[in-house]
Amino acid sequence: MKRATTDPWVARYLLVGTTLAFILFFLVFPVFVILIEALRHGLAFYFSALTARHSVTAIKMTLMVAVTVVPLNTIFGVCAAWAITHFKFPGKSLLISLIEIPLWVSPVVGGLVFALIFGNQGWLGTWLETHKIQILFAFPGIVLATAFVTFPFVARGLIPLMQAQGSAEEEAALTLGANGWQLFWRVTFPKIKWGVLYGMILCNARAMGEFGAVSVVAGSVDDKMTMPLQIEQYYQALGPGGLPRAFALASLLLLLSVITLVIKIGLEWRRLAPQVINPIKPSLPH
């Protein structure tokens with residue numbers, strides 16, 4: 001039988017070369033440019049750009065948003081996955097489709113939705129202004145916009161995982177008298193913990209790098225900018241130091257992305273390590 005790996009060498013080299021060319025052009029080259037431009041003016045300017053007031057404020061805002069959004073989306077993802085995989089109810093397919101909406105629409109649309117709801121001319125704008133509640137151009141609006149574009153990640157990772165595992169162990173635990181919390185923490189969570197952590201990593205990466213939705217609800221308020229917004233602000237600055245500061249802050253965002261990738265690889269290695277260290281040995285015939 002002819003195997004797929006016995007294709008002509010021309011096809012193999014063409015496919016591998018095309019893949020490498022895309023990686024070099026769209027990934028390696030932009031990263032190289034960011035690092036070179038960030039360090040062009042020396043380490044002293046680089047660290048001064050990162051410790052500037054606007055940079056520090058943007059870094060703090062980005063971390064605060066990520067710390068707020070990731071736990072919220074984790075709770076939502078676990079609850080949604082549990083409901084979809086353990087219960088039968090009308091509209092289950094519709095619920096799955098609604099969860100995936102942020103993946104198919106532009107993030108700017110999500111930001112505009114919140115602007116139409118919480119803006120001065122929005123549905124709740126008059127009520128919010130009367131009660132002195134600030135949503136847009138403030139931390140709550142940034143959290144809402146970021147949560148909108150990131151909430152599918154944990155749920156989409158857990159739903160197929162929990163469907164594949166089934167509910168036989170949960171049903172057995174219930175027959176033995178386990179309550180809801182015991183069922184989740186002792187039976188379900190050990191089976192899905194790697195999926196939860198993987199979804200949290202993806203959610204965190206998207207939360208730190210989100211631009212479109214946040215730009216609509218945050219605007220150009222100096223102390224309410226995340227790192228992507230501040231990078232754009234530096235890039236559009238008229239002063240001579242604007243562009244180098246933009247690349248310096250972009251390099252820090254790149255570093256956070258690399259750390260996220262390393263954590264993801266480490267979790268995958270931890271998950272697969274027991275299978276490699278203790279492989280299942282086939283039983284010998286008697």
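This is a predicted model: local features need pLDDT of at least 70, side-chain atom pairs count only at pLDDT 80 or more; totals for chains, interfaces and linings use all residues.

Q: Which terms describe a pair of aromatic rings?

A: A pair of aromatic rings is described by the distance of the centres and the angle of the planes. Here Phe76 and Phe151 form a pair with 5.2 Å centre to centre and 90 degrees between the planes. The arrangement is edge-to-face, because an angle over 60 degrees counts as such.

Q: Where in the chain do Phe76 and Phe151 lie?

A: Phe76 belongs to helix α3 (residues 53-86), while Phe151 sits in the loop between α8 (139-150) and α9 (152-165). The two are 75 residues apart, and their pair links distant parts of the chain.

Q: Is Phe151 buried or exposed?

A: Phe151 has a relative accessibility of 17% and therefore counts as buried.

Q: Which residues form one aromatic cluster with Phe76 and Phe151?

A: The cluster also contains Phe114, Phe118 and Phe148.

Q: How many aromatic pairs does the count come to?

A: The count comes to 12 aromatic pairs. One of them joins Trp9 and Tyr13, edge-to-face, at 5.9 Å centre to centre with 70 degrees between the planes. These two residues are 4 apart in helix α1 (residues 9-38), which means that about one helical turn separates them.

Q: What is the accessibility of Trp9 and of Tyr13?

A: Trp9, at 58% relative accessibility, counts as exposed. Tyr13 is likewise exposed, with a relative accessible area of 59%.

Technical notes
Residues are numbered from 1 along each chain as its sequence is written. Side-chain values use heavy atoms; hydrogens and water are left out. Rings of Phe, Tyr and Trp (its six-membered ring) pair if their centres lie within 6.5 Å; planes under 30 degrees apart count as stacked, over 60 as edge-to-face and the rest as tilted. Buried means under 20% relative accessible area, exposed over 50%, partly exposed in between (1.4 Å probe, protein chains only).
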